[in-house]
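These are my notebook entries on a structure that I examined element by element. The sequence and coordinates are placed below for reference.

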Amino acid sequence: MIRNAWADLRQYPSAIIGLLIVSLLVVMAIYALATISYSEAIRLWRGGEDIWQDYPRTASPEWTNFFRAQKLPSTVLLDSRQGQGSKVVEPRGALTEITIEFPFNFQADDFPQELAIFFYATFTQKQPHVEMTWLTPDGREIRIGEYSPRARDSYRFEGDSRLARRLRNVPAQQALFAKPDVEPLAPLKGVYTLRLDALVFEGNGDLDAKFIAYGKVSGLAGTDHRRRDLMVAILWGTPIALAFGLLAALGTTVTTMFIAAFGVWFGGLVDAAIQRITEIVLILPVLPILIMVGTFYSRSIWVILGVVILLSIFGSAIKSYRAIFLQVKESPYIEAARAYGAGNLRIIGRYLTPRVIPLLIPQLVVLIPSYVFLEASLAVLGLGDPVLPTWGKVIDDAFRNGALFNGYYYWVLQPSALLIVTGLGFAMVGFALDRVFNPRLRGL
Amino acid sequence: MTQATADIKIDTTRDERVKPASDAPSTRPEQGALLSVRNLRVWFELRRFGFGHAGYVRAVDDVSFDLNYGETIAIVGESGCGKSSLMKTILGLHRPTEGEIYFENRRLNDFSRREMQWYRTQVGYVQQDPYGALPPFMNVRRILQEPLIIAGVKDPAEREARIRKALEEVKMTPVEEFLPKFPHMLSGGQQQRVVIARAMILNPKLLVADEPVSMLDASVRVEILRLLRALQQAHNLAVIYITHDLSTVRYFSRRIMVMYAGQVVEQGEVNDLLSNPKHPYTQALIEATSDPDAANAMKFREVPSGEPPSLVRPPAGCRFHPRCAYFIADVCDKETPPDFDVGQGHLARCWLYR
């Protein structure tokens, strides 16, 4: 039967495309799970400034440069602890002179977003003294300033008012990269060098530095307002969306089927009770209940999943399954099974329910994206899981931070496109399956 | 084959207007009989709007008979006469409202769940519609395996051996070819053979066949009947053969019971009863049976006027009296006739023979 179904399914190009989409999503989900562990994903998403400091704010994905005439710069990150740049240590009696040079090639048509240096100093009493110098490709040498970093310190170029005065109030990331005496400002391409001349006053003291010229494009998915790499959410959103959709769809359709089968088989009070419960649940407003649970109880995605399943178990599907089961119940083969002694559970499990499986499979497949959408809608309503990175959560953040108003289209469009593609893929497979399993629909 | 003489007692003295009482008199089962049915009533309660009592459908009303090992009995009657309800009660699918069923002198009414499970292995069931009787999503192997699994045959090799043996017995060979097939891949005759194999796989002592050939092509009917008779003789099987087709009765069974409106109106030896029917209903039934004879083409057949009576409010007295051509006023519509012996165990429930 399965083999026949597959042969039939191949007749529908839409099913093939749908299957491709679904398998791509599955591959993406497996990739996400394999490369980023669950705790790592949460750490990257929830971590805080320490983890996000290497990324620029609201930067577009890097691939957008492909469509731009004016290429935006990507982030330059040089860390002396990683052996990037050059570090020369020269003891001078009681002092130690450390020279760190960060040369980098800059070829973009736009200025970086911001500039920062992070210091990692080792000392007991006296803070090291650092002199920062900027060397441009055309040989100019611009003094940035002096700084005495604490053990872990950061120097942000914009925050230095003396530097700003020296640069005639042009923001540092523009003034340092601009061609001299050209209006309007345009970046000069070539190799820049940041030189740090440090004096360490203690014998066992040391100094390391990390220089970041934050770009305007970052990664494959860009970043959000909190410098988080959206790739984490895009990747990890896939398994979460698929798991939520699949579990919710499976949980509801299968339990609904069994409840309907139980009601029909035992009949009488059981059936009446199930029917009345269904009628009551049918008029319950699902969304407000979910909002209430999210507001007062828990916003964990798994709690929401449980509530969704609970509310959908006694859904309208019970009525349609019941209609089929009532018919099947009277089949002679059920009577025969009773005559050779099949018990109630065996009849329900082996004789009654297999008859609706062909109806259930397409329904299940079509239901999956609707639950994925439900999860996204809840997230957009501010009821998303506060811990997990999900597509809906990204849309919610984008919405709250005026992404469209500010022109950060990638921020909204990426998760939206994934949601749409997911819905489309499952719907195409589901409708084709429906035609395979219910041949009467083929003419439609 | 055990030669059997049936002892038939039909008690009709009860007032049918009252709900059956639990302290109804009942006779002990015939010693040595495989199956004894005593004063069996199967009434279904009618409810108004899902609750509230609205009377009973008296599907089976006071039926008694005995069946010996290896004996065959035919139950005939038109649709709605209660023969299916009688059969389902014997199969344990309905509970008797009143009266007793004894199987090997054990009272079916008080069977525990375990005894019932045993009883179900002792009784095979062949249904009318072979396609409907087979689950469409199971192949032949699964279909035949189910009764074995339920009966607790744990060893897969033994199950397989019994499945093969059962298929060979119903002449479904080569067995390998049929085992993986689904019901829709089989012809009507093959389907019915699978149904018979399923009924026989637990080696029952009693086979209940509910119109086993009425939905088959005429060409296949004889084969299936021959197969049933061969099995019956090979296993000394007692068979209850239910039909509305009198032409197949003679071929298959020795005794016959004619049912009308939930009661047995006439019974006896097949040849005797069919050639010399006593009850006006039996006469009408035989008259209505078509015979493929050119002389009958233009012949007008006398059929009793009117409809079968309501089983909720059956007519007083003889239940056939509103349709009867020999209606005797003040007798037939007042008192229920008892069984009158019209010779050699041939009983007719009609006032004409008092």
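Which residue of β12(B) is the bridge partner of Q267(B)? I looked this up and found L347(B). I note at the outset that the model is predicted.

**Entry 1: the sheet of chain B**

I next examined the two strands to which this bridge belongs. Strand β10 of chain B covers residues 263-269, and strand β12 of chain B covers residues 347-348. I recorded their pairing as antiparallel, over 2 bridges.

I then traced the whole sheet. It is an open sheet of 8 strands in chain B, with mixed pairing. The order I wrote down is β6-β7-β8-β3-β9-β10-β12-β11. Which strands stand at the edges? They are β6 (123-126) and β11 (340-341) of chain B. Each has a single partner strand, so one side of each is left without a neighbour in the sheet.

**Entry 2: helix α11 of chain B**

I asked which residues of helix α11 (residues 280-288) of chain B are buried. I listed P280(B), Y281(B), T282(B), A284(B) and L285(B). These buried residues pack against α9 (246-252), β9 (255-260) and β10 of chain B. Strands β9 and β10 are also members of the open sheet recorded above.

**Entry 3: chain B overall**

For chain B I noted 11 helices and 12 strands. Of its 354 residues, 43% count as buried. I also checked contacts between residues at least 6 apart in sequence, and 65% of them join residues at least 24 apart.

**Entry 4: where chain B meets chain A**

How many residues of each chain are in contact? I recorded 16 residues of chain B against 13 residues of chain A. On the chain B side, α2 (113-122), α3 (130-133) and α4 (140-150) each supply at least two residues. The largest share, 3 residues, comes from α4(B). By class, this side of chain B has 10 nonpolar, 3 polar and 3 charged residues.

**Entry 5: a helix pair in chain A**

Finally, I turned to helix α7 (residues 230-266) and helix α17 (residues 409-437) of chain A. Their axes come within 11 Å and cross at roughly 20°. An angle under 35 degrees counts as roughly parallel, and α7(A) and α17(A) are therefore roughly parallel to each other. I noted the crossing of α7(A) and α17(A) as right-handed.

Which residues meet in this pair? From α7(A) I listed L230(A), I234(A), G237(A) and A241(A), which meet Q414(A), P415(A), L418(A) and T422(A) in α17(A). The contact has 5 nonpolar and 3 polar residues, and no charged residues.

Key
Residues numbered from 1 in each chain as written. Chains lettered and ligands numbered in written order. Predicted model: local features only at pLDDT ≥ 70, side-chain atom pairs only at ≥ 80, totals over all residues. Axes fitted to C-alpha atoms, helices over the stretch in contact; angles between N-to-C directions. Helix = DSSP H or I, 4+ residues; strand = E, 2+ residues; numbered from the N terminus. Parallel < 35°, antiparallel > 145°, perpendicular 65-115°, else oblique. Left-handed = near helix turned anticlockwise from the far one by under 90°. Contact = placed C-beta atoms within 7 Å. Nonpolar A, V, L, I, M, F, W, Y, C, P; charged D, E, K, R; others polar. Pairing = 2+ DSSP bridges. Buried ≥ 20, exposed ≤ 12 C-beta atoms within 10 Å, placed from the backbone.
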